Amino acid sequence: MEFLIGNFAELTITGLVLGSVYALVALGYTLVYGVLQLINFAHSEVFMWGTYAVVWVLTLLGASGTSSLAGAAGYLAIALVAAVLMSGGVALIVERFAYRRLVRQNAPKYIILISAIGASFVLSEIMGLRDKIAGFLGLQGVLGDYVNNPRNTSTLPVEIKPEPVLQIGNYMVRDTELLIIISALIMMFVLDQFIRRTSFGRQIRAVAQDPEAASLMGANSTNVVRLTFLIGGVMAGVAATLYMIKVGATGFNVGFVLGVKAFTAAVLGGIGNLRGALLGGLILGIAENYASGILGSEWRDVTAFVLLVLVLLVRPSGLLGESLGRARA
Amino acid sequence: MRAIKASQLLVVGVASALVLSACAAPADTTEGGSGSTESFSIAYQGPLTGADAKYGEYAKAGIEIALADYAAAYPDGPTVTAIYSDSQGDPAQAPALAADLINNADVLGVVGPAFSGETEATEPAYSEAGLVTVSPSATRVSLSEQGWSTFFRVVANDGAQAPAAAKLLTDVVGAKTVFVIDDASAYGVGLGDGIKDALGDKVIGSDSVEKGSTTDFSATVTKVTASGAEAVYYAGYATDAGLIQKQLTAAGFEGTYASGDGSLESTFIETAGEASEGAYLTAAAGAAGDDFVAKWDALTVSDKGSIGVYSTEAYDAAWVILSGIGEGNTTREDVLAWVAGYDAEGITKHIKFADNGEIDGAGGVYYYLVKDGDFEAPVAID
Amino acid sequence: MTLLEIRDLNVNYGHIEAIRGISFSVEEGTITTLIGANGAGKTTTLKTISGLRKVHSGSVFFDGKDITNAKPYERVKMGLTQSPEGRRCFPGMTVMENLEMGALLRKDRRSAAYREDLERVFGLFPRLQERVKQAAGTMSGGEQQMLAMGRALMARPRLVLLDEPSMGLAPKLIRQIFSIVDEIKAQGTTVLLVEQNANQALKRSDVAHVLETGKIVRSGPGEKLAADPAVKAAYLGGDV
C-alpha cells in the first residue's frame with residue numbers, strides 16, 4: 001500500500017499506457033458486437049498481424065540501430081500506415097470468410113462464434129507457420145528474413161529509446177508513453193465523431209439498433225458489417241503500432257492474452273458502447289498496475305477478472321452499458 | 001525374462017543377417033536387413049515451437065551429433081533414430097506426449113524433459129513405465145527428491161546455480177542490494193528462492209510475474225526503480241527476461257541485470273536490444289568445444305538444429321543412452337540399468353549418477369556476459 | 001398506371017405457408033388497403049414487397065420492373081419505402097437523425113429539394129419539428145408513429161407502405177393519422193395501407209382487399225367493401 005502511494009503517478013501513467021492499447025483493441029470487439037451481437041474472437045489476431053506489419057515494413061525499409069522517438073517518426077508513420085492496412089485487410093478477410101455467409105443465412109450464434117474461434121487459430125498459425133507456407137509457395141528464398149524462425153519472438157529492427165519529457169508527481173513521463181496515451185485518445189475522439197456525425201456512422205448505429213428497419217431505409221447491411229470490421233481493424237492497426245513502440249517485440253501468439261484483456265475491457269465498459277471500451281480499457285490497465293503493486297505482479301490477471309465480476313454483479317451491462325446506437329451523449 | 005532372451009536371439013540373428021547381406025550386397029549395408037526389427041528410437045521431449053523453441057533447437061544439435069557419433073562407433077549396432085516430441089515446454093501439454101512415447105515400444109530412452117515444469121508433469125509416468133529419461137537442462141532441485149527411478153540429469157541443479165549466481169552478483173558485480181524476480185514457473189520459483197536464500201538480507205525486494213501472461217511489466221519496473229536496487233536477477237525465460245530488461249532500462253534503471261540459464265539464448269538479446277549490453281547470464285553449462293562445432297558443421301541431416309546453451313549437455317544425455325543401445329541393451333529395463341550404472345567421461349564432465357539421478361560431483365557453474373550483441377565465452381564462477 | 005403488381009405470390013415461413021397465391025395491383029395515385037385478422041398475412045405481404053422476406057414463388061413488379069429478387073436497398077432506391085409495424089424508429093437517434101436515415105440513399109441532401117421534403121414532413125407532422133433534437137426512444141407512441149411515417153417519406157418515395165399506422169393509438173390520434181394518410185395521397189404519393197382499423201381504412205381506400213389465412217377472399221372499392229355485410233360482420237365490429 002505504501003508502495004502504491006509512493007509511486008502512484010508512475011503506476012497510473014504506465015497503467016494508462018497499457019490501458020490505451022487495451023481500449024483501442026476493445027473497440028473492435030465492441031463495434032462488431034454492437035452491429036452483429038457476436039463476439040469476434042478473431043480480432044486478437046487482427047491486432048497480432050498489425051504488429052508484424054510494423055516489424056516487416058521497418059525491416060523492408062532497412063531501419064536499424066537505436067533512435068529517439070522523434071528520430072524514428074518517419075519510420076513510425078510508415079509503420080502506422082502498414083499496420084492499419086494490414087489489420088484492416090485481415091479484419092475484412094475475417095468478415096468475408098468467417099462471417100458473411102453465416103450471418104446472411106441467419107446461422108445460430110454459437111456456430112458463428114465457433115467459426116470466429118477457428119479463424120483466430122488459423123490466423124495465428126498462419127503467422128506461426130509462415131516459413132512453411134512460404135516454402136510451399138517457393139518463396140522462402142525471397143522472403144527469408146520475414147518468414148524465418150516464425151515461432152520465435154520478432155523484434156522491431158529499430159530500437160526506440162524513450163526520453164523523459166514531463167514531470168507528473170514524482171514520475172518523469174516518457175515521450176513514448178505520452179504519445180501512446182494521446183494517440184489513443186485522439187483515435188477514440190475521431191471514431192466517436194465518425195460514428196455520431198457521418199452518414200456511415202449513422203448507418204452503423206441504425207443497423208446496431210434495428211437491422212430490419214435500417215434495411216427498410218436502404219442500408220446495405222453487408223456493407224455496414226464490412227465497414228464495421230474495417231474500422232475495428234484500423235483501430236487494431238493503430239493499437240499494434242503503439243504496442244510495438246512500447247514493447248518492441250511480438251510473436252505469433254501475442255494476440256491471445258491481449259485479446260482476452262481487451263475483450264474484458266469492452267465488457268467492463270459495457271459491450272457495444274464505444275466510450276465504454278475506452279473507459280474499460282483505461283480502468284483495466286490502471287487496476288492491473290495497482291494490484292501488481294500492492295499484491296505482486298502474479299496477481300494482475302486475477303485482479304482483472306475479479307474486477308470484471310464485481311462490476312458485472314453491480315452493473316450487469318457494464319459501466320456505461322448501452323448498445324452502440326444508444327451510446328450518444 | 002523369456003522375452004528378453006528372445007530379443008537377444010533376434011539381435012544375434014539380425015546381426016548375422018546384416019553381415020551376410022553386407023557380403024552379398026555392399027550397397028545395402030546402411031539400410032540393414034529388410035524386415036529387421038533391429039531399429040530403435042531415442043526421444044527428445046522439450047520445446048520445439050513457442051517462445052522457448054530455441055532450447056529444442058539447441059538440444060537437437062547435440063542429439064544429432066550424438067546419433068552421428070553412434071553410427072560411427074557402432075556400425076553393427078541397431079539403427080537408432082530420434083523422435084522429437086514438441087511439448088512447447090508446457091507442463092499441460094507434456095503428459096499426452098509422454099504417453100505417446102511410452103506407448104511406442106521402439107523408444108528406449110528419452111533425452112529430456114527439457115524443463116523442470118514438464119518434468120514434474122511427466123516423470124511419474126516415465127517412472128511407472130520404466131522408460132529412462134536423461135535431462136540436459138531441467139535444473140529444479142526438487143526433481144531428484146521424488147523417488148523417480150527413471151530420472152537422471154547431466155546438469156548441475158539450481159541448488160548449485162543459485163549460490164553461484166548469488167556469488168556472481170556479490171563478488172563479480174559487487175552489488176550490495178539485489179531485486180529478485182521470478183516467473184512463477186517451477187524453474188523460476190526454485191531458482192529465485194535459491195538466490196534469495198543465498199543472498200539473505202541483500203535482497204531488498206522481489207516480485208513474481210506470470211510467464212507468458214503479459215508483455216508489459218511496468219508495475220515490476222516501478223518496484224525495481226523504487227527499491228533502488230543495484231542489481232536485478234530474473235529467474236525465468238528469455239523473452240520475458242528481454243522485455244523486462246528493456247523496460248527497466250527505458251525507465252532509467254542503471255544497475256546490473258542478470259538472469260539464469262533459462263534466458264541464455266539469442267532471443268534474450270534480440271528482445272532486450274541494446275539494453276542487454278552488460279547483462280550477466282548464469283548457467284551450469286560451459287561452452288561447446290571446437291570439436292563439437294566441427295562435428296555439427298559436418299552433419300548432413302537437413303534439420304540439425306543449432307548450437308547454443310545445453311547443446312553439449314544434450315549430446316551427453318543422448319550419448320549415455322545411445323552407447324547403452326550400442327553395447328547391446330535393447331530393452332527399456334536394460335537401458336535403465338545401463339544409465340544407472342554409467343561411469344565414463346562425457347564432453348561436459350565426467351558422467352556418473354548418484355542414486356537420485358543427480359550427476360555425481362556437480363559440474364561447474366558459469367556466467368556469460370553480453371557484449372556487442374552476443375554472449376561472451378563462459379567464465380567459471382568459483 | 002399500375003405502380004405495383006403482385007402475381008401469384010407464395011411466401012413460406014419454414015414449413016408454414018404464410019401467403020398462398022395472392023395477386024393484386026396498386027394503381028399510381030391511389031390508396032390501396034389490405035385488411036384482415038391477425039395472422040392473415042398482411043405484414044408478411046408488405047415485408048415481401050420491401051424485400052425483407054424471400055419469395056417462394058410468384059413475382060413482384062414495381063413500375064413495370066421485376067423486383068422479385070431485388071435487395072431491399074435497391075427497392076428503396078426505386079422509390080418504394082415502408083413505415084413498418086410497431087414504428088421501429090431508431091431509439092438512440094434524434095428525430096432529425098431518424099429523418100436523415102429515411103433519406104439515406106438520397107444524394108441530394110444539401111439541395112433545395114431535400115429541404116422542401118423536410119418542410120413537407122414537418123408540415124404534415126408539426127410535432128416532429130418541435131422535437132428535432134429529442135431521442136426517438138423517449139417519445140410517445142403517437143409521436144413515434146409520426147416519425148416512422150415522416151422517415152418513410154424522406155426518401156421521396158413513389159409508393160409508401162404503411163403497416164398498421166393506427167395501432168395502439170388513442171382515437172383522436174388515429175383520426176389525425178388517417179387524415180395525414182389522405183394528405184400524403186393528395187401530395188401525389190401512392191399508399192399501400194395495412195390496417196386492422198378497417199372502417200377508417202376502407203372509407204378512404206380506392207381499392208381494398210380482404211386477406212384470410214394468406215389468401216385474398218374479397219376485393220373491391222373501399223366504400224363498397226365497407227358496405228358488404230360479410231366484411232361488416234367480420235371486421236367492422238368495433239367502429240371508432
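Predicted model: local features only at pLDDT ≥ 70, side-chain atom pairs only at ≥ 80, totals over all residues.
**The interface of chain C and chain A**

Across the interface of chain C and chain A, seven residue pairs, both members at pLDDT 80 or more, are in polar contact, a term for N or O atoms within 3.5 Å of each other where, within protein, one must be able to donate a hydrogen and the other to accept it, residues adjacent in sequence counting only if both atoms are side-chain atoms. Side-chain values use heavy atoms, with hydrogens and water left out, residues are numbered from 1 along each chain as its sequence is written, and chains are lettered from A and ligands numbered from 1 in the order in which they are written.

Six salt bridges are counted between chain C and chain A, each a side-chain nitrogen of Lys or Arg within 4 Å of a carboxyl oxygen of Asp or Glu; the side chains of C:R53 and A:E212 meet in a salt bridge at 3.9 Å, N to O.

The contact (heavy atoms within 4.5 Å) takes 23 residues from chain C and 20 residues from chain A. Between them the two chains bury about 2,000 Å², 59% of it on carbon and sulfur atoms, buried area being the accessible area (1.4 Å probe) that two parts lose on being put together, summed over both. In chain C, the residues that lose the most area to chain A are C:R88, C:F90 and C:L104, together 24% of what that side buries.
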